[in-house]
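Walk through this fold sheet by sheet, then turn to one pair of helices. Keep the structure in view as you read.

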Amino acid sequence: MIKNSKLILGPPGCGKTYSLIQEVKNALAHGISPSRIGVVSFTTKAIREFIDRACSEFNLTKDDFPHFRTLHATGFHGLGLDSSDVMGRQDYRALSDMLGVDFEGTDATSMDDGISIPAIGGSGSKYLQTIMRAKYREVSLSQEYNMQGDYSLHFEKLDQIDRTLVLYKSKFNKLDFSDMISQYIENVEAPYLDLLIVDEAQDLTPLQWTMVEKMSENAEEIIIAGDDDQAIHRWTGVNVQRFVDSSDRVKVLNKSYRLPRSVWALSERISRRIPNRIPKEFYPREEEGRVDWVWRVSDLPLDQGSWTIMARTNSFVNDIAEELRSWGYFYSLKGRTSIKQEHIEVMAIWKDLQKGYALPLDTIKIFYKGVPKTKHNAVVQRGSTALLDMLPPDAEVNYQELVKDFGMLAPLDRDAKDIARLSMDEKLYIAAIERRGESIEGNPRIKLSTIHAMKGGEDDNVAVYLGSTQACMESKNPEDEHRVFYVAVTRAKQNLYLIESDKKYRYIL
């Protein structure tokens, strides 16, 4: 139980962020400085949304709210760290050489305020995840190992990796992501705040709760916000019970501005299967909406409207993406369009040049960067990009000028797809999209996502694939699967489609 706290429960679409913004507005109206208000969460997405809304609502800037940060960013800045102080890909490569275990560092993941961490794969990834989970759950390594029950891991190797990691960080003065929290708890005096808001609190781990408790000691009023029915990150070490027990003053936001009646009714059936939840009564919109079942993705009426199609795992999502591509649908996956954005930009710029338009210098530079400069398919001469630097920044240039002075080689009647160096498969795919009457310029109507990545989002038309995995369906915590699919179905603003699965493991509604 956190002193001076209030728990705000926000079922799907009930305006949780709006309600929290009103709390900030009320504090400002009572003369509280923005610098004495804190908003923390475990996700960058939640904080960015909060900052954007607050700045728009109060005509202030991000700098006016220095304590609107993720918990990790709060630790990072509170400890006075630089990005060089944090374990990076080169550090994990060094550990790989020392331990004979592969830590494949893929693209860095940006978290907040300049912090980035490598996405670790390879044979050592499960060992590192176990070490991190033990820290986040505030248990010993042996307790975590026994609780996890993954005996493909060897405890002696796990212990060796842990001890080597500790020695490495000590020798080179490095911190990993969990250290930002634990070191903050041990060494930093929390800021004095009149109002502290903890958003998406249902997804905090025990270590993060300890940090929140430390911050709350120097805060006059604490608002904890979230929804235990949407706690879908237990695999990171989340303890939902800490959220449930965080305050004895509870307010339920009881009107959903998203869910129509039919979707709400289905979501209620799912939530009632979750044990030990906080009961919450809330009401849908007046519209009936639609819930429909289909046998396969091809049965969805995808030809018009805005769509999000979700599945439990990346593998399922990628399978759906392949199907959509084969049928000539333009879509986005993880925010990336199914045609590379740089190819779309190059084709659009070339079409404008073909129309005789003079284009801004920055646009021309994008074009030059994206087209081939050597061999038989060269569009511009090699080294010609440097010639553009002779122009003033506000210059505009047309095709004839580019040919005359700036190394343009391609004839004006050359097809845009050739200019962008598309493969034959890509050309055929674009032709299929165009036959559907769709354009690749602009945002796709259809978005693909895992259920976890879509949390917090919504769409007019939502389709949920009901396939699952053995690990999910045979988990020690079966309520987690109910929470995941509760989140999935409650993204729908109008129409919900449930896609049946022929997989052995699937969620049964």
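Six strands make an open sheet in the order S3-S2-S6-S7-S1-S8, and their pairing is parallel. Strands here are DSSP E runs of at least two residues, helices are H or I runs of at least four, and both are numbered from the N terminus. Pairing requires at least two DSSP bridges between two strands. From one strand to the next, the twist averages 20 degrees. Angles run from 0 to 180 degrees between N-to-C directions, with axes fitted to C-alpha atoms, for helices over the stretch in contact.

This is a predicted model: local features need pLDDT of at least 70, side-chain atom pairs count only at pLDDT 80 or more, and totals for chains, interfaces and linings use all residues. Residues are numbered from 1 along each chain as its sequence is written, and side-chain values use heavy atoms, without hydrogens and water.

Inside this sheet, S1 (residues 5-9) and S7 (residues 219-226) pair in parallel over five bridges. Ser-5 has Ile-222 in S7 as its bridge partner. Helix H2 (residues 44-58) packs on the sheet and touches S2 (37-41), S3 and S6 (193-198); contact means heavy atoms within 4.5 Å. The direction of H2 makes about 170 degrees with that of S3. Helix H3 (residues 71-78) also packs there, touching S2 and S3, at about 105 degrees to S3.

A second open sheet has seven strands, ordered S9-S17-S16-S10-S15-S11-S12, with mixed pairing. Its edges are S9 (290-294) and S12 (336-337). S9 runs parallel to S17 (residues 492-499), joined by five bridges. Arg-290 stands opposite Asn-495 in S17.
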